[in-house]
Amino acid sequence: MEVEVKIRLPDSSTHRAVSALLSSFHRETQRQQNLFFDGAAGELSSRRAVLRLRFYGDDARCVVSLKAKAILVNGVSRVEEDEEEMEPSIGRDCVADPSKLSEVDSRILRRVRDEFGVGTGGFVCLGGFKNVRDVFEWKGLKLELDETMYDFGTCFEIECESSNPEEAKQVIEGFLKENGISYSDSEASKFAIFRSGKLPQ
């Protein structure tokens, strides 16, 4: 189970302000491309699951993830997640031709076929979005500051994975309030926003 605090920032200026305040704690910047897949008959989405391929940088790395039964309440996300590394060139082949996902030797893809029954119809690519993630190590927390670029606009968010999300959220909110940064609880996951085709109000 992946448990994360998710805090929405209203615009690019607040994103820049948070980045500047945390600059001395910066550890890395990740440039991600996230692409999503379902079974041709909706075998995954009908059971509140989705398959994701995430590419990092210039295809230096690719991670395949199976996410299921996501719940986001009061800015805390809980989702069943299973992931593993995939050779980036194989991942790109699967993006170009999703039917190749049925042929890849992968523990997660075997789960998708066996547990979710993705059958002879194979897979379809739903599309995706790009994300620039700045990672900070601050007060014992790993903060991820995201700029997520959809075809229909850009969202800004702070994420923090934690075994004690309520306490982590309190610390992050205290920092934002102390520095006059506007924020709100995220009410939808990046994938849900992508599928809705519009930015949150």
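Helices (H or I, at least four residues) and strands (E, at least two) are taken as DSSP runs and numbered from the N terminus, and two strands are said to pair if DSSP finds at least two bridges between them. The model is predicted, so that local features need pLDDT of at least 70 and side-chain atom pairs count only at pLDDT 80 or more, whereas totals for chains, interfaces and linings use all residues. Residues are numbered from 1 along each chain as its sequence is written, and side-chain values use heavy atoms, with hydrogens and water left out.

Over residues 1-198 the chain is 25% helix and 46% strand. Strand E6 (residues 123-138) runs antiparallel to strand E2 (residues 26-39), to which 13 bridges join it, and Phe37 stands opposite Cys125 of E6. E6 also pairs with strand E7 (residues 141-150), again in the antiparallel sense, over nine bridges, with Glu137 opposite Lys142 of E7. Two residues lie between the strands in the hairpin of E6 and E7, where Lys139 takes a positive phi near 50°.

A nonpolar core is here a set of buried Ala, Val, Leu, Ile, Met, Phe, Trp, Tyr and Cys residues joined through side-chain atoms within 4.5 Å, buried meaning under 20% relative accessible area (1.4 Å probe, protein chains only). The largest such core has 21 residues, and those with the most contacts inside it are Leu51, Leu53 and Val112. At least two residues of this core come from each of E2, strand E3 (49-56), strand E4 (61-73) and helix H3 (107-115). Another core, of 18 residues, lies apart from it and includes Ile7, Leu141, Ile172 and Phe175.

How values were computed:
Buried means under 20% relative accessible area, exposed over 50%, partly exposed in between (1.4 Å probe, protein chains only).
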